[in-house]
Amino acid sequence: MSATTIFVVGIIGAGILTVLGIFAIAIRRGPSAGPITAEELADGATNLEQPAPVVVETETSDGSEEASAAVATITESSSEPPPDPLIEKQPLSTVEYGVTRRKFLNRALYIVFGLFLAQFALGALSYVWPKLKGGFGAPINAGNLDELKAALSDGGTITPVFLPAAQAWVVPFETSNLAGSSYEGVPFVVAGGESDGVGVMALWQRCVHLGCRVPECIPSQGFECPCHGSRYNIHGEYNSGPAPRNMDRFSLSVNGAGELIIETGTVVQTPRSKTFTAEYPQGPFCV
Ligand code: FES
């Protein structure tokens with residue numbers, strides 16, 4: 001699973017937990033939160049239904065017992081209302097009550113927000129994870145520089161080498177072309193070339209228009225985006241199309257073992273070149 005996917009899942013999870021948290025708050029603020037108090041018991045007793053009719057037995061003058069029904073209604077004005085067990089019921093102590101609804105909801109609230117913070121932390125961690133484990137975004141070892149340079153040309157034709165781990169095209173660049181170019185004074189975009197005058201550049205494969213992968217075009221000696229037709233020369237300099245600038249490139253260095261290190265966490269942007277360091281096109285277009 002990519003870091004972006006983990007990040008998106010984390011954000012969605014955090015959103016769900018936030019909704020649950022709001023729901024828990026809404027329940028907690030409801031009128032029925034907390035244990036029943038003595039006042040609530042007394043109020044409830046006055047709202048009870050009227051008691052059932054009472055049948056009274058009377059004795060007649062001839063001594064026989066006759067049952068007659070008399071309906072007696074106990075009203076509020078009655079001087080001696082029958083005892084109501086609800087009124088005599090005392091509220092439970094905290095120990096007897098155990099975990100009240102209020103306590104339960106408070107704890108649920110803390111747990112929900114704890115989970116929310118954990119989701120947020122995981123999302124942030126997933127965002128920086130590639131740098132921690134050495135993937136794209138971290139320095140990438142591209143191997144021996146001399147071997148790499150040997151693979152960059154075929155009988156006078158430049159053959160860019162694609163490095164998937166760095167998402168980069170490596171192309172040759174003659175250091176004599178630096179003066180007056182868009183890269184003059186821009187640090188670390190060219191590496192090597194101290195001995196033979198031929199260094200390398202690492203171009204990010206991502207089109208600077210809308211991010212499509214830009215393939216190389218050997219016949220024209222450039223890069224041509226299949227999405228909207230932006231074209232760049234072999235050094236990634238803008239030629240035509242909707243792209244707003246040259247292809248982006250990464251900072252480079254050569255370590256003590258002669259290996260090229262591509263700093264994929266450091267992207268260098270340059271504006272459309274006014275002077276070009278490579279001829280383009282040199283043949284038919286690919287797009
Ligand atoms: S994404 Fe490359 S030209 Fe639009």
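1. Basis. The model is predicted, so local features are taken at pLDDT of at least 70 and side-chain atom pairs only at pLDDT 80 or more, while totals for chains, interfaces and linings use all residues. Residues are numbered from 1 along each chain as its sequence is written, and side-chain values use heavy atoms, with hydrogens and water left out.

2. Cores. A nonpolar core is a set of buried Ala, Val, Leu, Ile, Met, Phe, Trp, Tyr and Cys residues joined through side-chain atoms within 4.5 Å, where buried means under 20% relative accessible area, exposed over 50% and partly exposed in between, with a 1.4 Å probe and protein chains only. The largest such core has 21 residues, and those with the most contacts inside it include Val189, Met201, Leu203 and Phe223. Strands β7 (168-174) and β8 (198-204) each supply at least two residues of this core, and β7 gives the most, with three residues; strands (E, at least two residues) are DSSP runs numbered from the N terminus. Apart from this core lies another, of 18 residues, among them Ile140, Ala142, Val170 and Phe250.

3. Surroundings of Val189. With neighbours within four places in sequence left aside, Val189 is in contact (heavy atoms within 4.5 Å) with residues including Tyr183, Met201, Phe250 and Val268.

4. Sheet. Four strands form an open antiparallel sheet in the order β9-β10-β11-β12, pairing being assigned if DSSP finds at least two bridges between two strands. The edge strands, each pairing on one side only, are β9 (216-217) and β12 (238-240). Two bridges join β11 (residues 231-233) to β12, and Arg231 stands opposite Ser240 in β12.

5. Aromatic pairs. Rings of Phe, Tyr and Trp (its six-membered ring) pair if their centres lie within 6.5 Å, planes under 30 degrees apart counting as stacked, over 60 as edge-to-face and the rest as tilted; the count comes to seven pairs. Phe173 and Tyr183 are edge-to-face, at 5.9 Å centre to centre and 85 degrees between the planes. Phe173 lies in β7 and Tyr183 in the loop between β7 and β8, so this pair ties together parts that are 10 residues apart in sequence. Tyr280 and Phe285 form a tilted pair, at 6.0 Å and 50 degrees; Tyr280 is buried at 13% relative accessible area, whereas Phe285 is partly exposed at 39%.

6. Charges over rings. A charge sits over a ring if NZ of Lys or CZ of Arg is within 6 Å of the ring centre and within 35 degrees of the ring normal. Arg231 lies over the face of Phe285, at 3.6 Å from the ring centre, and the charged end of Arg206 sits over the ring of Trp204, 5.3 Å from its centre.
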